[in-house]
Amino acid sequence: MATTERDYYEVLGVQRGASGAQIKRAFRALARELHPDVSSEPETEQRFREVAEAYEVLSDPERRATYDRLGHAGLRRGGYEPTFSHFGDLSDVFAAFFGEGLFADVPSQRRQARGGDVQALAEIDLGDAFTGISVAVPVEVALACERCAGSGSEPGTETRECTTCGGGGTVRRVSQNVFGQFVHQRPCPECGGAGSVVETPCGDCHGQGILLTSRQLEVDIPAGIHDGQRIRIRGEGHAGAHGERGNVFVVVRVRPDPRFVRDGNDLHTAHRLTMTEAALGTTAFVPTLSGDARLDVPPGTQPGEVRVLYGRGMPSLQGERKGDLYVRLDVAVPTTIDPEQRALLEEFAGRAGPETYAHGDEDEGFLSRLKSAFR
Ligand SMILES: [Zn+2]
Ligand SMILES: [Zn+2]
């Protein structure tokens with residue numbers, strides 16, 4: 001059955017009068033783009049089948065002439081069926097067209113030989129991200145079974161030679177298509193390329209040769225790490241067919257600290273002064289990730305003022321300058337006062353005038369900030 005009713009010229013992106021060489025070039029470019037090792041888009045498979053079918057028709061002068069005169073229906077009446085329509089796997093379609101090796105620059109073979117990667121999660125506090133920390137991260141990795149040394153056979157028993165591949169570990173298939181005849185060599189599906197078949201499966205791994213193993217991985221998390229960053233630990237992932245193990249990717253989650261808001265390497269915090277502290281000045285102690293820091297608050301400090309403690313933010317992962325700590329000062333106004341306190345405040349109010357509250361440019365600054373907020 002045909003896989004497309006779309007115009008074949010349109011599928012390949014060529015003019016109706018395109019030469020054979022132009023058609024071939026367009027097809028190769030599209031195939032390269034749609035190769036399963038290159039593209040992971042879900043529609044890729046359908047698109048490649050369309051492209052392959054269009055090429056199969058347009059690259060054959062007789063079929064092309066039929067299609068030009070009578071279209072898709074004419075081809076169907078003539079008994080045309082795409083050669084690959086019964087292939088289940090897209091990689092089979094590719095193999096049918098190109099054999100092995102066309103995409104030699106795409107290291108698919110190597111990727112298969114190496115073991116799979118493993119994802120793991122490490123959750124740390126902001127304070128740990130500040131200092132850096134070593135944590136034990138649980139991972140589940142497939143490792144060669146120790147009992148059978150990865151062979152899959154119960155120790156002391158024999159394996160038999162694979163009858164499908166005759167012990168060679170590979171199978172060959174010959175296919176015929178528009179490029180000519182191709183010989184495909186693939187790992188034997190029966191023995192998985194080992195050349196031998198397990199007679200008596202190992203009691204531990206049931207003949208698989210590998211076992212899922214729980215492990216604790218000691219992971220050094222560097223100071224300055226950000227939430228969501230990944231750390232790659234080479235060679236600690238799943239065991240591969242040829243020994244090379246995959247990697248472990250540890251995603252680091254940094255739990256927020258209720259005292260701080262992190263912005264890159266900078267930290268923001270808030271500190272509340274009493275009305276009298278703000279008016280008279282005081283020495284405040286504000287939290288940092290390395291203990292409380294002393295902050296001199298001069299008399300007449302206004303609510304909303306921000307002080308910067310340089311270098312008291314997070315360390316930089318790249319070893320650059322540390323971040324800063326921004327302290328926003330708030331002023332608490334008394335909410336419950338006794339008659340005596342009230343009398344004191346009233347006396348103060350009676351003696352205070354506009355000059356008591358004047359602070360130079362600040363009024364204007366406040367107003368212009370307010371105005372710009374409404375603009
Ligand atoms: Zn075993
Ligand atoms: Zn075999």
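Predicted model: local features only at pLDDT ≥ 70, side-chain atom pairs only at ≥ 80, totals over all residues.
Reader: Which residues of α2 are buried?

Author: In general, an α-helix has 3.6 residues a turn, so residues three or four places apart point the same way. In this model, the buried residues of α2 are Ile-23, Ala-26, Phe-27, Leu-30, Ala-31 and Leu-34. Those buried residues fall within an arc of 130° when seen down the axis of α2, so they line one face of the helix. Helix α2 itself covers residues 20-34, which makes 15 residues. From first C-alpha to last, α2 reaches 21 Å, close to the 21 Å expected at 1.5 Å a residue.

Reader: In which sense do β1 and β9 pair, parallel or antiparallel?

Author: Strands of a sheet pair through backbone hydrogen bonds, either parallel or antiparallel. Here β1 and strand β9 (residues 248-255) are parallel, paired over eight bridges. Within β9, Arg-253 stands opposite Glu-123.

Reader: What is the order of the strands in the open sheet of four?

Author: The order is β10-β11-β15-β14, and the pairing is mixed. At the edges stand β10 (261-263) and β14 (306-309), each with a single partner strand, so one side of each has no neighbour in the sheet. From one strand to the next, the twist averages 30°. Strands β11 (residues 266-274) and β15 (residues 325-332) run parallel and are joined by eight bridges. Leu-273 has Val-331 in β15 as its bridge partner.

Reader: How many residues lie between β12 and β13 in their hairpin?

Author: Six residues lie between them, and Gly-291 in the turn has a positive phi of about 95°. The two strands, β12 (residues 282-286) and β13 (residues 293-297), run antiparallel and share five bridges. Phe-285 has Arg-294 in β13 as its bridge partner.

Reader: What are the angles among the donor atoms at the zinc ion (ligand 1)?

Author: Ideal angles at a metal are 109.5 degrees for four tetrahedral donors. At the zinc ion (ligand 1) the angles among the four donor atoms are 105 to 117°, and the site is tetrahedral. The protein donors are the SG atoms of Cys-145, Cys-148, Cys-202 and Cys-205, lying 2.3 Å from the ion. Along the chain these donors follow the spacing C-x2-C-x53-C-x2-C. With relative accessible area under 20% counting as buried, Cys-145 is buried at 2%, and Cys-148 is buried at 7%.

Reader: Which residues are the protein donors of the zinc ion (ligand 2)?

Author: They are Cys-162, Cys-165, Cys-188 and Cys-191, whose SG atoms lie 2.2 to 2.3 Å from the ion. The site of the zinc ion (ligand 2) is tetrahedral, with angles of 102 to 118° among its four donor atoms. The donor residues of this ion are spaced C-x2-C-x22-C-x2-C in sequence. Among them, Cys-162 and Cys-165 are buried.

Terms used:
Residues numbered from 1 in each chain as written. Chains lettered and ligands numbered in written order. Heavy atoms only, no water. Expected span 1.5 Å × (residues − 1). Buried < 20%, exposed > 50% of the residue type's maximum accessible area, 1.4 Å probe, protein only. Arc of directions from axis to C-beta. Pairing = 2+ DSSP bridges. Axes fitted to C-alpha atoms, helices over the stretch in contact; angles between N-to-C directions. Donors = N, O, S within 2.8 Å, 3.2 Å for Na, K, Ca; no water. Tetrahedral: all angles 85-135°; square planar, octahedral: opposite > 155°, others 65-115°.
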